[in-house]
Amino acid sequence: MLDHMLKADVTARRLKVITETGRRSWFSKDDKARIVEETLVSGAVVSEIARRHGLTPQQVFTCRRQARRLPTPMADDPPFVPAGRRIFDGRW
C-alpha cells in the first residue's frame with residue numbers, strides 16, 4: 001500500500017499554482033526581447049532564465065533565433081524607397 005502522507009521533514013522549495021487550464025502563455029514582443037537580452041549577458045544560463053519565466057529552454061532558443069532574423073533598422077536611416085525603377089504598365 002502506498003503512503004500519500006506529507007512528511008514534516010520535507011519542505012517545498014517552490015510551489016506553482018495553476019489557475020487556468022491548458023492555455024498558452026503569451027508574451028509581448030517587449031517581454032521576449034527582454035528575455036533574449038537576459039540570455040546574451042556573459043555567463044547567463046538559458047535553462048535558468050527559461051525556468052524563471054515559466055518557459056522551456058527550447059522556447060527561449062526559438063525566440064533568440066527569431067530575433068536574429070529580424071532586421072534592425074537604424075534610427076537615422078530613412079525608410080527604403082526604390083529609386084529609378086519604373087513600374088511596368090503593360091505598354092512598350
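Student: What makes up the chain in terms of helices and strands?
Tutor: The chain has 3 helices and 0 strands, in the order α-α-α along the sequence. Helices (H or I, at least four residues) and strands (E, at least two) are DSSP runs, numbered from the N terminus. The model is predicted, so local features need pLDDT of at least 70 and side-chain atom pairs 80 or more, while totals for chains, interfaces and linings use all residues. Residues are numbered from 1 along each chain as its sequence is written, and side-chain values use heavy atoms, without hydrogens and water.

Student: Why is α1 called roughly perpendicular to α3?
Tutor: The axes of α1 (residues 29-39) and α3 (residues 57-69) come within 10 Å and cross at roughly 100 degrees. Axes are lines fitted to C-alpha atoms, for helices over the stretch in contact, with angles from 0 to 180 degrees between N-to-C directions. Angles under 35 degrees count as roughly parallel, over 145 as roughly antiparallel, 65 to 115 as roughly perpendicular and the rest as oblique. Therefore α1 is roughly perpendicular to α3.

Student: Which residues make the contact?
Tutor: Lys32, Ile35, Val36 and Thr39 of α1 meet Val60, Cys63 and Arg64 of α3, where contact means heavy atoms within 4.5 Å.

Student: How do you know that the buried residues of α1 line one face of the helix?
Tutor: Ile35, Val36 and Thr39 are the buried residues of α1 (under 20% relative accessible area; exposed is over 50%, partly exposed in between; 1.4 Å probe, protein chains only). Down the axis they fall within an arc of 100 degrees, so they line one face; the arc is that of the directions from the helix axis to the C-beta atoms. Asp30 and Glu37, on the other side of α1, are exposed.
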